[in-house]
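Biologist: Please put the model up. I will ask what stands behind each label.

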Amino acid sequence: MGKLYDNLLDDIRFEEGLNACMNCGVCTAICPAAEFYCYDPRRIVDIVQSQNDDEIVNLLKSEEIWYCGECMSCKTRCPRGNAPGLIIMALRGLSQELGYFVESEKGRQQLVIKRIIGEWILNTGYCLYLDGISTAMHPEQGPVWKWVQENKAELLERLGGNYKGDGPGILRKIPQEALEELRRIFEVTGGIGRYEKIESFSRKKAREMDLDLDPEGIDNEYIRHIYTTNNGTHNR
Amino acid sequence: MKYDGKRAIWSEYQKEIADDNYFYVRSCVRQNFFPGSEVTFLRIMKQILGKDIYEHPCHTTCSGIGYHGDVVPVETTMTVVARQFALMTEAGYKNYLPSCITSFGLYTEILDTWHHFPEVEERVRRQLKKATGREFEIPSNLAHASDVIYKFRKEIAAKARYKLINKNTGAPLKVVDHIGCHYAKMFPSKGVGGAEYPYVLAGMIEEWGGEVVDYPERRHCCGFGFRQYLIQANRGFSVACSKEKFESMKPFKPDMIITNCPGCPMFLDRWQYVINEMEGKRYGQNGEGIPVFTYEEVAGLVLGFDPWDLGLQMHQTDCEPILDKIGIEYSPEDKYNTGKNRKKQEVNTLIHA
Amino acid sequence: MEKFGYTISKIRQIDYEANDRSIAEMIMAAEPSFKTCIECGCCSATCTAAGYTRFSLREIHILIKRGENKEIFKSIRKCMLCGKCTLVCPRGVNTRNVITLAKEAYQKTERNAV
Amino acid sequence: MPDLMNKHVLVIGGGVAGLEAAGRLSKAGIQVTLVEMKEATGGHVVDWYKLFPDRKDSMEVKKYLDELVSADNIHILTGTTVSEFHKNHSHFNILTNKGKELLADAVVVATGFDLFNSSRKEEYGYGIYDNVITSADLEKMFRLGKITMADGSVPKKVGMVHCVGSRDEKVGNLYCSKLCCVTAVKQAIEIKEHISDSKVFCFYMDMRMGGAHYEELYREAQEEWGVTFIRGKVSEASESIDHKIIVKVEDTLAGRPLKMELDLLVLMAGMEMSAGGKSMAELGNFKRGENRFFESSDHHFGSNTGNIEGVFYAGTCTAPMNITETISHARSAVAEVTEYLKPKGN
């Protein structure tokens, strides 16, 4: 048994998600990612269950572990009760812990998710936060969203929200004590550690790629690069 | 298609849904993109149904999008969830009611994990105590907000002002239901009607006068896929998934789409605009688009709430064609009237694009 | 693309209805043993070309039958027609001839394209 | 064998195993009572049209069995089930649903199997989509000589889904039903015989052709009938607006998902412990194994005996079997019974 396989076994989702796969392909048949990406969850499960560390390292560095959309359609159907989606989540976690994620175009994108969603969670208490969802970053949100952004305070009041207000309600200001509790939970349970790993491995990679990762936040060369780059080989 | 076959399956998936005293937990996506829906939900619960429903000001995100974006570790998310349970326990509630499907799926998954691995639950309890000093009890009932609307669909129908019926022809509207993936795909027994033929929205449609339209890609994900939408470089996948659904439902000529997941209606709404922009392709009758609604919005509409109180002005794909079809009264001038900003505004929706 | 920064992904499922299987039918008629392949992989295992490049005779059998012609034309060049595959096949499939026929079909397609 | 003439054996179940056992017991001079819950004997075999691998008409098997049980020392009680079952020392007291009391020296349990209820594989839409049928439904069409879709038209593209209710934790059946692969191949050929310009596809996980002449039949299906075999478990079926069935499967040997539109989808329903067997297990405290079939005392040399002395198992109440195996198993049960009934100490 390989060492990396042992690492995966530490992940509770791995234990829940893998029981002797028989390669029937029911997961790939229903997988939205397999429809549009060069992706085959069946093959990934088969590689993982081989327990071969070299092959697992290749996976951790690969593009393919980042194609899954975690819809979990695979779990509904597997005749052996496996959840390839959970196995993918365990692989992604390990890839970030060990720094392999920066070796793939899709993996490098984790820094954007950390810097946007990850920071919103800690700083606002929300996974998504209105002020940051710009039409520049999200042109597909369209003209109506542009209008929403321009009139957000009045609109939320008109609809009965509590934008940045005290007490309960929509998009209320989450009290500082609550945010501090959230941060302590992240410290105690390894959330902050994960964030730091994503940062430090990415910083190293940015230097290697000769892309600027300053200033902090998302307005820099490396972030713009990983947010928009698609080499076009993912669905061929 | 044989309706009785579905009925037989529905009867096998009856989940327990608490009938009062709920601890309500908000959805990040809903609050940002469909604030009117959560407001409407609470209005229905309190004013129409007279239920006790409590929202704790200190509750936060469940961290679900971070978890499924793979930047937040499972241990962290489990402990964030434990904190939400602690707030519920402290407030004296036992019936946990999330507004979000990602959250609902996450709570279901975590409770299942704790059930099978009690040592994990013990560890999370220690972590929560250490980080916040809080303790929690496991909810005695976990239901998604759409489950509750489903449960009271008949009461809503009894008080309805409109039906999902074409007022000119008297024919029921053809309604496509789209269920959030994490509602029942992971744990079919936790969803009304199970994973393959969910009944949670179909039950509402039927009760409120509409006709449920089944189509081949009904079960397909909208394409959000967390990182697949969050990163611009991946969005080609995201839009392709929704497009596949539109193409598949097209021959059935649906009048509208109803959803129970916070994000799906936003994507199904916006991607129609993008597909038109990119490929000049429009869906729906006369190319007007297929209006996409949350179940709260549809409940509000049949109850006769003002469409602009529901927040339908935030849709990119116009909802007016269906309002006209049902015969719902509304003021076109008021659409973009925000109260303070009373000047008439022009905003390019799908029809005008 | 300019406005949004991406294009709508194309589906990569095997679309059985859309695919042209006339080459498969031609090969089955000219080399009936082709029909009896059970995808055991003996041919790929013994294949010299497979030892050096990403080339799978077993997969080619399937791809021909599904009408994935572009894929086939890309890879059959790698076959050197040594015929070891035919020696080891438990069903007696003349894989060498299958590839020869596929190559002929390819040349015909090329000529028609010109 | 005069010493067996006073012995009485109860056979529970009038399918292939039960009839074969009853007939062989009677030949050994034993008094036999056979109870069958249905109004007619024959079991599942009469629901099938032609049998694999030699395409014998199932009625010939029925005829053979009927002749076998025509002797005077066999009493067949149809429409009869066991409602009480007690063992007292070396004999059994049985009460039937019709109030008849029976006394037996030994019991042969031949309660057979039930076909898996295919509507439980919800994602295949049996009972919902008009053109999804089971292997059993298809046999009925063969008997009538006409294969049709729900609207009466002739299907030109037919898919056969292997392993429906077998090898599937989702429905609680971990085992292989063993006969569905060869049934699919047999039925694929028959479809081609009926509709020569049709295309037939078998969606399989593994082709388990372990029986005399099975592999040859598989090869015939490929070589002579042009049946297409696609290795992958069908993930879901759905219905298009014109009532075609759309299946999603991974063509695992090509390593890519595949989508296909079919006129008719046939589900190869697996075998499960029968409801009758389950109720007998409760009445008689018969032990059952993890697949819910009766547990034999030994896999190799005790497949006809279980945990109750004097009770013998015959046929598919212990595991999926084909007709050849069922008949052999019933005969070996009879050998066990006669051995058991022989006066001891001689």
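Modeller: Helices are DSSP runs of H or I with at least four residues, strands are DSSP runs of E with at least two, and both are numbered from the N terminus. This is a predicted model in which local features need pLDDT of at least 70 and side-chain atom pairs count only at pLDDT 80 or more, while totals for chains, interfaces and linings use all residues. Residues are numbered from 1 along each chain as its sequence is written, and chains are lettered from A and ligands numbered from 1 in the order in which they are written.

Biologist: Where does D:Pro53 lie?

Modeller: D:Pro53 sits in the loop between strand S3 (50-51) and strand S4 (56-57) of chain D. The peptide bond from D:Phe52 to D:Pro53 is cis, with omega near -10°. Chain A has a cis bond too, from A:Asp214 to A:Pro215, with omega near 0°. A:Pro215 is in the loop between helix H14 (191-208) and helix H15 (221-228) of chain A.

Biologist: Why is A:Leu171 called buried?

Modeller: A residue is buried if 20 or more other C-beta atoms, placed from the backbone, lie within 10 Å of its own, exposed if 12 or fewer, and partly exposed in between. A:Leu171 has 23 such atoms, so it is buried. The residue lies in the loop between helix H12 (152-159) and helix H13 (176-189) of chain A. A:Leu171 also has a positive phi of about 50° although it is not a glycine.

Biologist: What makes D:Asn285 partly exposed?

Modeller: D:Asn285 has 13 other C-beta atoms within 10 Å, so it is partly exposed. It also has a positive phi, of about 55°, and is found in the loop between helix H6 (275-284) and strand S20 (311-313) of chain D.

Biologist: And why does D:Lys146 count as exposed?

Modeller: D:Lys146 has 10 C-beta neighbours inside 10 Å, so the label is exposed. Its place is the loop between helix H3 (135-144) and strand S12 (157-164) of chain D.

Biologist: How do you know how compact chain B is?

Modeller: The radius of gyration is taken over C-alpha atoms, and the globule rule is 2.2 Å times the number of residues to the power 0.38. For chain B the radius is 20 Å, close to the 20 Å that the rule gives for 353 residues, so chain B is as compact as a globular protein of that length. Chain B has 17 helices and eight strands, and 62% of its residues count as buried. Its C-alpha atoms fill a box of roughly 60 × 50 × 50 Å along the principal axes.

Biologist: What makes the edge strands of the chain B sheet edges?

Modeller: Two strands pair if DSSP finds at least two bridges between them. The open sheet runs in the order S2-S1-S3-S4 with parallel pairing. Strand S2 (53-55) and strand S4 (141-142) of chain B each pair on one side only, and these are the edges. B:Tyr24 stands opposite B:Glu55 in S2(B).

Biologist: How many residues of chain B are in contact with chain A?

Modeller: Contact requires C-beta atoms, placed from the backbone, to lie within 7 Å. By that rule 74 residues of chain B are in contact with 71 residues of chain A. Helix H5 (residues 74-90) of chain B gives the largest share of the chain B side, six residues.

Biologist: And how many residues of chain A are in contact with chain D?

Modeller: Here 17 residues of chain A are in contact with 16 residues of chain D. Helix H3 (26-30), helix H4 (32-36) and helix H5 (41-50) of chain A each supply at least two residues of the chain A side, and H3(A) has the largest share, four.

Definitions and conventions
Two residues are in contact if their C-beta atoms, placed from the backbone, lie within 7 Å.
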